[in-house]
Number of protein chains: 2
Amino acid sequence: MNTHNYIEQNKQKFLDELLDLLRIPSVSADSKFKNDVLKTAEFIKSSLEQAGVDKAEICETAGFPIVYGEKIIDKNLPTVLVYGHYDVQPADPYELWDSPPFEPVIKNDKIYARGACDDKGQMYMHVKAFESMMATNSLTCNVKFMVEGEEEVGSDNLGIFVKENKEKLAADIILISDTSMIDNNTPSLTVGLRGLSYLQVEVTGPNRDLHSGVYGGAVANPINVLCEMIASLKDENNHITIPGFYDKVEELTKEEREALNKAPFDLEEYKKDLDIEETSGEKGYTTLERAGIRPTLDVNGIWGGYTGEGAKTVLPSKAYAKISMRLVPGQKSHEITELFTKHFTSIAPKSVKVKVTPHHGGEPAVTPTDSVAYAAASAAYEEAFGKAPIPTRDGGSIPIVSLFKDELKLNTVLMGFGLDSDAIHSPNEHYGLFNYMKGIETITLFYKHFAEMNK
Amino acid sequence: MNTHNYIEQNKQKFLDELLDLLRIPSVSADSKFKNDVLKTAEFIKSSLEQAGVDKAEICETAGFPIVYGEKIIDKNLPTVLVYGHYDVQPADPYELWDSPPFEPVIKNDKIYARGACDDKGQMYMHVKAFESMMATNSLTCNVKFMVEGEEEVGSDNLGIFVKENKEKLAADIILISDTSMIDNNTPSLTVGLRGLSYLQVEVTGPNRDLHSGVYGGAVANPINVLCEMIASLKDENNHITIPGFYDKVEELTKEEREALNKAPFDLEEYKKDLDIEETSGEKGYTTLERAGIRPTLDVNGIWGGYTGEGAKTVLPSKAYAKISMRLVPGQKSHEITELFTKHFTSIAPKSVKVKVTPHHGGEPAVTPTDSVAYAAASAAYEEAFGKAPIPTRDGGSIPIVSLFKDELKLNTVLMGFGLDSDAIHSPNEHYGLFNYMKGIETITLFYKHFAEMNK
């Protein structure tokens, strides 16, 4: 049997196994799911073993473990290092899900569950592609798997693991499916990623909640102050006002920007899909540029005072926000975190106290389009989809791409099969059955072309 | 036995009864406490009956009932209409209470519980003062009690009740204890109150929560927009920017302001108590003025996006805030609510949708200081405390003072015995045993002086 047929015949098995994986709520950000995250690591280890790795192991870290597995068929053949993550984003707000986030359902040929796309679904394609090649004796490269459980909380321990295991992780290329393509008829390969600096801020006014009638107007309200501070972080052109923020941004050339803006994009469709009357962003840039090559500042969460039913006339003691900045090539996460902290602290009025806590960060990255691996990926897409993939710059962040480059001296190919509409990080996250199966097939074709091109 | 001795001898009984009242969590803002609110109304009715009213009744409204009771001893004697409320503020955040909010404890001669001061403690003083006068045959006026259960949610149904029961409520003066005095050695009588306009705003960006990496920078983030809108509501001098907001504010004369600023006030002590380095408020006014005679705008609550543990890179669909404005004489609550709504809607960028929901309002009020009732109250304080009370303007709102003036043509005397440090509306609300007992005594003296002065 050839690989293609194996994949076809095992469609239901591949799907059922993914659904089992999706049923484990591996939310790394919330300690109450700790045991589920650990259980998920065991699930991945066992999946790798069943698929045919020589050995699989749970590698302990200071946080959640990294699952490692490898199949070395011939030291002279090229080696592919697959990276993925088995942890998922929190599912809040639960009430906005049409079905429970950890009870996957199939509707309209899509799998609905937290992690369906990001990254359980996309990561598991690699395990099933590997299984399919093993089962049909068609594996043409050595394979190493490194699947972590802390991607959604900043991959704090991955860097240490990578530094300590350079030899074990030696490879020719890194392969990751954790990005999206333009649409199911327009395959694309991500060649640029934004970095991230994520912080939490706390503004304290009076030492206790006060009655807004007795003290209102005379004592700084930390919510009002927080709003003013956040508002001041952007000017009227939506430029970020933090001194030095743009200093190291590598501007794209006119030609690069033109090429980027040639990607298929329908602004009216985009607005309709989001039900917005107007887009909004940095002056002087298109929507594709704003979402791909420009740094941003978003408040991801805000809270303070009375948020229950009805009314409470409180002047609260504290207000909080989670703020993240997407970074572009040239910017360094820790530098931006420092610039933010310094600036945010400096603009606080004397009537409040401010605390800034860095959460996590990640470096922006660009991947080369002139490599053998890129050519092999391109050929795989062309064979699977009938057309060559378009190179795109993604707005999201996969900080480890930059880490792998620095530590392992390896480039990454980002073979993402998700869609922007998959609602990752949102209620009703889903992943198309087409994408899951097509992804598995395309991945096997990558191995074929990569081995051939390396001959 | 004279009234003073009766009060002394029944101190423990008066306290135990109040503790029983405080054990019922009558939170009117939260529907899960509905039965407790109703139970509290029954408690008040039964207390009035035991104290000696001719009849007490539970008067149904569209919301929570109003407890009414009266004792008419002689139609030729003056009639005092006592107003109070048996509902309390929500106790959130519970984790900041040193003891459970509905399990009252006595510490350092203070009663700690939600409602200890506002307004169960202060309202119940009137029931016990009445009981003391009845028990000692010293009642010198007719008394009517009207105790409502919706003060903390805007007294929506009180206006209807008052309009429909003008004859029943006919009186010579209204007596309320729901304000504070300067300190236990400096009695004061509140002669001015701020009004209130309370609203909830909702800002909607995209129709669903988005991944901030994929969409961040290109789609308006409703939290950022809400912050910008809130920030724009005040200028650099902390003047409120809503057009027309100050148009009808009655400015005080230089003499009135000077008189007001003569009240004992220690700015350093005030800052130390709140642990703030600087006060903050409208330029050109003192702290006492900012908190008493100037209108304000405070965000009482804000929420949106991910507020749990850890980090989530969400660009949320919605952000919310509860915003209230304290109003001063001249301003009308419904007019300010309209001005706010119009302005807030008008400043929304096209990239978001904005919804403004008025919660409740109340009118500002000033009470006369040249009336017989004021003179009687002043004499009562002087007899009880050994010194005449200082007239003050309070920042809080008791909207019904204005309602009573309009509908019943009655003035109010605000005999408040709380302290600003009682933490009403906050965790660890408390009320001094001294204040509770001294309040009961002072109230009985008011009746004595009011009858004498009316002769």
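The lining of the largest cavity comprises 13 nonpolar, 13 polar and 10 charged residues (Ala, Val, Leu, Ile, Met, Phe, Trp, Tyr, Cys and Pro count as nonpolar, Asp, Glu, Lys and Arg as charged, and the others, Gly among them, as polar). The model is predicted, so that local features need pLDDT of at least 70 and side-chain atom pairs pLDDT 80 or more, whereas totals for chains, interfaces and linings use all residues. Residues are numbered from 1 along each chain as its sequence is written, and chains are lettered from A in the order in which they are written.

The structure holds 4 cavities of 30 Å³ or more (on a 1 Å grid over the protein atoms alone, a cavity is a set of points where a 1.4 Å probe fits but cannot get out, and a pocket is an open set with protein on both sides within 12 Å along at least five of seven lines; lining residues have an atom within 4 Å of a point). The largest cavity holds about 450 Å³ of space. It is lined by 36 residues, of which A:His211, B:Asp118, B:Ser397, B:Ile424 and B:His425 are the closest to its centre.

The second largest cavity has a volume of about 50 Å³, a volume being the space filled by probe spheres set on grid points joined across faces, edges and corners. Its lining includes A:Asp420, A:Ser421, B:Arg208 and B:Tyr215, and divides into 5 nonpolar, 3 polar and 3 charged residues.

The second largest pocket has a volume of about 1,100 Å³. Among its 38 lining residues, B:Ile182, B:Ala263, B:Leu288, B:Thr392 and B:Asp420 lie nearest its centre. By class, 19 residues of this pocket lining are nonpolar, 8 polar and 11 charged.

Key: Heavy atoms only, no water.
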